[in-house]
Amino acid sequence: MLQLEDVHASYGNVHALRGISLRVEKDSVVSLLGANGAGKSTVLKALSGLLRPKSGSIVFGGERIDRSKPEHIVRRGIVMVPEGRQVFPELTVRENLMLGAYSRGDRAQIKQDYEGVLETFPILKVKAKNFAGTLSGGQQQMLAIGRGLMARPKLLLLDEPSLGLAPIIVQEIFSVIRDISKRGTTILLVEQNANMALDVSDYAYVLETGQISGQGNSQQMRENDEVRRAYLGG
């Protein structure tokens with residue numbers, strides 16, 4: 001479904017990605033692991049069209065997208081749920097969710113998907129008329145994921161979905177990620193909580209200073225001594 005080949009990207013003079021190559025197969029969950037500043041979120045920005053690579057290629061569904069505009073990429077089916085949630089605080093929960101479907105014209109299906117999001121996150125149904133800024137951090141994360149789902153993504157990019165959340169809410173969020181995957185949505189997950197990420201992933205890559213330093217299926221990564229020491233607490 002997705003292939004990055006020798007992708008380099010920079011912020012000004014900062015060389016953030018140094019020849020990244022990776023694959024995401026259809027119907028899989030792939031995680032990017034690594035410390036802060038390793039380049040994980042930069043990969044997602046390059047995929048979303050928010051940062052144009054200096055060189056290399058990004059192919060999605062057989063089409064190169066590394067020179068595409070963000071709106072074209074969304075219409076192709078790549079949707080990102082950004083780090084920090086970034087909901088619209090002065091809009092209601094319902095309005096935030098409907099904004100996720102702004103590029104769609106299938107009204108009947110939009111209504112059905114809206115009901116599906118409320119079924120996935122029952123608290124959002126209770127809070128549908130509330131302003132998003134009044135929600136707790138966990139509820140805002142649910143709203144951000146729900147907004148992403150309203151775009152009917154083929155590939156959902158999740159950037160640090162557990163960041164700043166209580167452990168019980170993290171468990172709930174990752175349970176939803178499993179359910180989304182089982183329904184047929186491919187997921188590329190950036191997550192510092194490596195244990196949780198590997199629990200839901202089929203495959204994982206480790207990034208260090210803009211380069212891939214390791215990769216393998218979840219079991220292989222759990223058995224890798226360097227990964228265990230650096231990211232799994234022993």
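Me: Which strand is Asp6 found in?
Reply: Asp6 is in strand E1, residues 2–11. Strands here are DSSP runs of E with at least two residues, helices are runs of H or I with at least four, and both are numbered from the N terminus. This is a predicted model, where local features need pLDDT of at least 70, side-chain atom pairs count only at pLDDT 80 or more, and totals for chains, interfaces and linings use all residues. Residues are numbered from 1 along each chain as its sequence is written, and side-chain values use heavy atoms, with hydrogens and water left out.

Me: What is phi of Asp6 near?
Reply: Phi of Asp6 is near 50°, which is positive in a residue other than glycine. Asp6 is partly exposed, at 39% relative accessible area. Buried means under 20%, exposed over 50%, and partly exposed in between (1.4 Å probe, protein chains only).

Me: And where does Thr209 lie?
Reply: Thr209 lies in the loop between strand E9 (203–208) and strand E10 (211–217). Phi of Thr209 is near 45°, also a positive value in a residue other than glycine.

Me: Is Thr209 buried or exposed?
Reply: Thr209 counts as exposed, at 59% relative accessibility.

Me: New topic. Which residues of H4 are buried?
Reply: They are Ile110, Asp113, Tyr114, Val117, Leu118 and Thr120. Seen down the axis of H4, they fall within an arc of 160°, so they line one face of the helix. The arc is that of the directions from the helix axis to the C-beta atoms.

Me: What's exposed on the other side of H4?
Reply: Ala108, Lys111, Gln112 and Glu119.
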